[in-house]
Amino acid sequence: ELLSKVSHRISSWQGRWLSMSARALLIKHVLSSMPIHMLAVLEPPRGVISDLERMLARFFWGESEFGAKCHWAKWEKLCFPEEEGGVGFRSLQAVVAAFSCKLWWMVRCGQSLWAKFMRARYFGSRHPNQAPFPAQLSASCKRMLGVRSSMEQWLKWDLSRGEVAFWWDNWSGLGPLAWRYPDLASNAMVSDFLREGQWDYLALAGFPSEIIEMVQGSFFCFGSDPDALVWSLDPSGVFSVRSAYQLVRPARAHSWVCSYIWQSSVPRKFSFFMWRLLNGHLPVDDVLRKFQIHGPSKCHCCLPAQGETLQHVFCTGQLAGVTWMFFERSLGVSVRGVAVRSRCSDWWMSHVKGKALRWVSRILPVLILWFLWRARNASRFEGCKVSGVQVPVSICSELQRLAQIHFPGIALLPCQ
């Protein structure tokens, strides 16, 4: 039923006439939200999740009269945040895991009737972090146990009375100590190792040195207030599904290059174009050969014609070289490399004074690459030869339009 609802919603849109940025917006705020309530209470089979993500991927990459277009990247790659090289989609499998974390949080500290029932049904007098468990477990209990080990590392008790399990609760920041020292585990409470509001080191004698050093370096205000369970991944200390999603999702290193192509001052259509370009997801001849699509390679922007490659179209070709040189000389930007990524990096790292000029140095490489791509397509598919003057004029016109939006009243010099 869920798959049919999503499919019906997609078919109601004219996806063929939507831009990639518009389709991405619909996926983020409409399609990805449709299964949220179901994922909060149920864990669908992996096959259902895979089918749903396949539908979303097909919608994102678009269709033509000949069928589905090429999927240039796997869905898993698209689900990374923008600053990590993705496009910011949510992984539905990670969403399921995040809601499983929420269930474990509710069982550990919730006072609802459901939480009390789950604790009585599956744990009884045992601590939730103790084993074994009954052979017959409900689907909800299996979900919770799947995230228990990762959750307990970030559930930390703020001690006061010390009425928490010394071995089974994470009050030290090291996780449950019983998992590290199973032979020493018992049902002792933290209060059993306190005397007059201080640690009783005689009672702690004989414990491993790691525990002694941790106790000596700890700081707790022991008193009469109740102990509090704190979610360490949120500054408020209260659990949130958003922070749990960041815990369970795959992560990669942040890329400062991505922070420039996804900045708010760059229109989204340019950002998606730059993401495809920097990841090699544009249909130029050398990229198509990787997909076993072979044919005569020719750059229609050069005389005499040369083979078409990604670097040739955007950096080393005749039209690209003239365009880059015009703007680099105009703004006094010096570049060390000729590859797309290195050239953009030199622009973005250039030292210019003034807020407006800094904005220009960030947006201009994007505009240059965008209009070079448009010139390539016009020459290849429409037979329109674009001169080395037309491209800078178009770039300056678009730059002026964007500048009026971000800096009202500013006047840029026209291209001559």
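This is a predicted model: local features need pLDDT of at least 70, side-chain atom pairs count only at pLDDT 80 or more; totals for chains, interfaces and linings use all residues.
Helix 1 covers residues 2-11, and helix 4 covers residues 46-61. Their axes lie 10 Å apart. The packing angle is about 5°. Angles under 35 degrees count as roughly parallel, and helix 1 and helix 4 are therefore roughly parallel to each other. Helix 1 contributes L2, L3, V6, S7 and I10 to the contact. Helix 4 contributes V48, D51, L52, M55, L56 and F59. By residue class, the contact of helix 1 with helix 4 holds 9 nonpolar residues, 1 polar residue and 1 charged residue.

The structure holds 1 cavity of 30 Å³ or more. The volume of the largest cavity is about 60 Å³. Its lining includes three cysteines, C299, C301 and C302. H312 and V313 also line the largest cavity, as do G317, Q318, L319 and A320. L372 and R376 complete the lining. Helix 16 supplies the largest share, with 3 residues. In composition, the lining of the largest cavity divides into 7 nonpolar, 3 polar and 1 charged residue.

Backbone geometry was considered at two sites. The first topic is E196. Its phi is near 55°, a positive value in a residue other than glycine. E196 sits in the loop between strand 4 and strand 5. Strand 4 spans 194-195, and strand 5 spans 198-199. The relative accessibility of E196 is 78%. Exposed means over 50%, so E196 counts as exposed.

Q292 is the other site. Q292 is not a glycine, yet its phi is positive, at about 60°. The residue is placed in the loop between helix 14 (285-288) and helix 15.

Key:
Residues are numbered from 1 along each chain as its sequence is written. Side-chain values use heavy atoms; hydrogens and water are left out. Axes are lines fitted to C-alpha atoms, for helices over the stretch in contact, and angles run from 0 to 180 degrees between N-to-C directions. Helices (H or I, at least four residues) and strands (E, at least two) are DSSP runs, numbered from the N terminus. Angles under 35 degrees count as roughly parallel, over 145 as roughly antiparallel, 65 to 115 as roughly perpendicular and the rest as oblique. Contact means heavy atoms within 4.5 Å. Ala, Val, Leu, Ile, Met, Phe, Trp, Tyr, Cys and Pro count as nonpolar, Asp, Glu, Lys and Arg as charged, and the others, Gly among them, as polar. On a 1 Å grid over the protein atoms alone, a cavity is a set of points where a 1.4 Å probe fits but cannot get out, and a pocket is an open set with protein on both sides within 12 Å along at least five of seven lines; lining residues have an atom within 4 Å of a point. Grid points are joined across faces, edges and corners, and a volume is the space filled by probe spheres set on the points. Buried means under 20% relative accessible area, exposed over 50%, partly exposed in between (1.4 Å probe, protein chains only).
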